[in-house]
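Here are my notes for a colleague who is new to this structure. Please read them with the model open.

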Amino acid sequence: MRLILLGPPGAGKGTQAARIVESKNIVQLSTGDMLRAAVKAETAVGLQAKAVMAAGGLVSDDIVVGIIADRIKDADCKNGFILDGFPRTVAQAQSLDKMLKSKKLKLDYVIELKVDDAQLIARVENRASETLRAGGVVRADDNAEAMKVRLSNYHTQTAPVSNYYKTEHKNMLREINGMMPIDDVTLAVNKIIG
Ligand code: AMP
């Protein structure tokens, strides 16, 4: 099974992806996690992405498309994968289509979690204070300032991605109210993916 989880930052994509990984035995491919690992390891990609990410901006399409193209070649992706945080622009969605077509692979579903901006800002602030309380390190972009940039990028660049799937891949896009309790969102996801 091959899925895309769409939705704004803080919508719960990572949480739901982790649950799908368990139930469907497929891998989660989070470009955000991969980029944070690259920043930490100070790779060439990481050095390029670091400042953009900390400010809440989007890393270039070429970089993230390259990361995904490399990753889906790996053996553990054979059984399927969940894309979390990718594609984030229509250009990335088009590149993904080309990539999958050349490998004769098909997407099963694009699931979009819908959450209001006000709730997203509150969630990110919560995530930051919970991480601090637990003695962890808060993500460089988990603050109100960067969140405003992330949300604005979402509305201008990522929201059109769901329209892309609506028009280019009929019947593939499913919307879920991401403001429901986490378990109810999971139930709704399971209803779609079976
Ligand atoms: P995330 O963990 O998905 O919220 O991603 C964290 C940050 O990584 C984003 O704010 C972007 O700076 C960068 N990023 C992750 N995925 C992408 C993508 N598909 N395209 C561009 N930038 C991305």
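1. A backbone N or O atom of Gly57 lies 2.5 Å from an oxygen atom of the ligand. That is a polar contact, meaning a pair of N or O atoms within 3.5 Å; within protein, one must be able to donate a hydrogen and the other to accept it, and residues adjacent in sequence count only if both atoms are side-chain atoms.

2. A word on the source. This is a predicted model, where local features need pLDDT of at least 70 and side-chain atom pairs count only at pLDDT 80 or more, while totals for chains, interfaces and linings use all residues. Residues are numbered from 1 along each chain as its sequence is written, and side-chain values use heavy atoms, with hydrogens and water left out.

3. Arg36 has a side-chain N or O atom 3.0 Å from an oxygen atom of the ligand. Gln92 places a side-chain N or O atom 2.9 Å from a nitrogen atom of the ligand. On its own, the ligand has 480 Å² of accessible area, and the protein covers 96% of that (Shrake-Rupley method, 1.4 Å probe; for residues, only the protein chains shown count as cover).

4. Which residues are the closest to the ligand? They are Thr31, Gly57, Gly85, Arg88 and Gln92, out of 16 that surround it (a heavy atom within 4 Å).

5. Now the chain. It has 8 helices and 5 strands. These are DSSP runs, numbered from the N terminus: helices are H or I with at least four residues, strands E with at least two. The pattern along the sequence is β-α-β-α-α-α-β-α-β-α-α-β-α. The radius of gyration is 16 Å, close to the 16 Å of the globule rule for 194 residues, so the chain is as compact as a globular protein of that length (taken over C-alpha atoms; the rule is 2.2 Å times the number of residues to the power 0.38).

6. The 5 strands form an open sheet in the order S2-S3-S1-S4-S5, with parallel pairing (at least two DSSP bridges between two strands). Its edges are S2 (27–30) and S5 (173–177), each pairing on one side only.

7. Look inside the sheet. S1 (residues 2–6) pairs with S3 (residues 81–84) over 4 bridges, in the parallel sense. Ile4 stands opposite Leu83 in S3.

8. Helix H1 (residues 13–24) packs on the sheet and touches S1, S2, S3 and S4 (109–114). Contact means heavy atoms within 4.5 Å. The direction of H1 makes about 175° with that of S3 (axes are lines fitted to C-alpha atoms, for helices over the stretch in contact; angles run from 0 to 180 degrees between N-to-C directions). Helix H2 (residues 31–40) also packs on the sheet, touching S2 and S3, at about 65° to the direction of S2.
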